[in-house]
Amino acid sequence: MAEGVKLFGALLSPFVYRVIWTLKLKAIPYEFIEEDLPNKSPLLLKYNPVHKKIPVLLHGDKPVCESMIIVEYIDEMWPQNPLLPNDPYERALARFWVKFAEDKGTSVWRLFRVKEEELEMTRKETLEMLQNVEEHGLGEKKFFGGDSVGMADIAFGSVVYWLEVVEEVLGGGVIFEAHKFPRLHAWMKNFKQAPIIKENLPDRDWLVTFFKRRREAMLAASA
């Protein structure tokens with residue numbers, strides 16, 4: 001069933017890594033097609049004509065777009081190593097936190113893009129997002145769904161890993177502090193140490209260097 005699986009993406013994207021982690025957790029072979037984002041390929045524009053964005057999963061001749069929709073598609077298409085619990089209520093909770101990551105995790109991407117005068121407000125939004133997850137999302141569990149990486153972990157893993165990168169790029173104070181978010185820090189440590197995740201994390205130094213240059217160029221262009 002995995003024959004003909006292709007992933008269009010770029011290795012700097014947290015959204016692409018959501019799909020990579022899912023494919024690896026499911027042990028699905030796939031072909032990765034690197035996109036040059038300033039010069040998007042005709043195939044990417046063909047398979048995602050609405051948003052024209054990565055990631056795009058191509059299964060046979062069927063394109064699927066938007067990272068968490070792709071993750072859910074993979075989970076339904078290949079049922080081994082399920083990413084959602086069997087219990088309907090627990091599945092609903094997982095989907096709630098996935099949507100929360102989608103809705104509120106955007107503050108992390110805004111942190112990278114905003115001008116200096118807008119940083120403080122965006123930091124507060126990010127802190128509020130983290131505090132909600134700390135207080136209500138994890139409890140005493142190792143992962144959102146229990147003892148193994150699931151769909152909500154994939155959604156938030158990309159948010160928090162890239163938040164750590166963005167913090168280093170920005171300098172001037174840490175948002176994701178261990179003493180403020182002990183549960184989230186313990187969860188993130190477990191997430192990064194899960195074997196499949198650990199083997200498929202982007203190089204942090206490379207990301208920091210790339211995004212530091214990108215932010216400098218953005219600020220210079222808007223000056």
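Me: How many aromatic pairs does a search of the whole structure find?

Reply: Keep in mind that this is a predicted model. The search over the whole structure gives 17 aromatic pairs. One of them joins Phe-144 and Phe-156, and it is stacked: 5.4 Å centre to centre, with 10 degrees between the planes.

Me: Which parts does the pair of Phe-144 and Phe-156 tie together?

Reply: Place each partner on its element. Phe-144 sits in the loop between α6 (119-136) and α7 (151-170), and Phe-156 in helix α7, so the contact ties together parts twelve residues apart in sequence.

Me: Are Phe-144 and Phe-156 buried or exposed?

Reply: Buried means under 20% relative accessible area. Phe-144 has 7%, so Phe-144 counts as buried. Phe-156 has 1% and is buried as well. Phe-176 and Phe-181 make another stacked pair, 6.2 Å centre to centre and 25 degrees between the planes. Both Phe-176 and Phe-181 are buried.

Me: Which residues do ring pairs link into a cluster?

Reply: Follow the pairs from ring to ring. The cluster holds Tyr-17, Trp-21, Phe-96, Trp-97, Phe-100, Phe-144, Phe-156, Tyr-161, Trp-162, Trp-187 and Phe-191.

Me: Now the backbone. Which peptide bond is cis, with omega near -5 degrees?

Reply: Read omega. The bond from Ile-54 to Pro-55 is cis. Pro-55 lies in the loop between α2 (42-47) and β3 (56-59).

Me: What is phi of Glu-66, and of Asn-81?

Reply: Glu-66 has phi near 75 degrees, positive though the residue is not glycine. Glu-66 is in the loop between β4 (62-65) and α3 (67-77), partly exposed at 35% relative accessible area. Asn-81, also not glycine, has a positive phi near 50 degrees. Asn-81 belongs to the loop between α3 and α4 (88-104) and is partly exposed at 45%.

Conventions
Residues are numbered from 1 along each chain as its sequence is written. This is a predicted model: local features need pLDDT of at least 70, side-chain atom pairs count only at pLDDT 80 or more; totals for chains, interfaces and linings use all residues. Side-chain values use heavy atoms; hydrogens and water are left out. Rings of Phe, Tyr and Trp (its six-membered ring) pair if their centres lie within 6.5 Å; planes under 30 degrees apart count as stacked, over 60 as edge-to-face and the rest as tilted. Helices (H or I, at least four residues) and strands (E, at least two) are DSSP runs, numbered from the N terminus. Buried means under 20% relative accessible area, exposed over 50%, partly exposed in between (1.4 Å probe, protein chains only).
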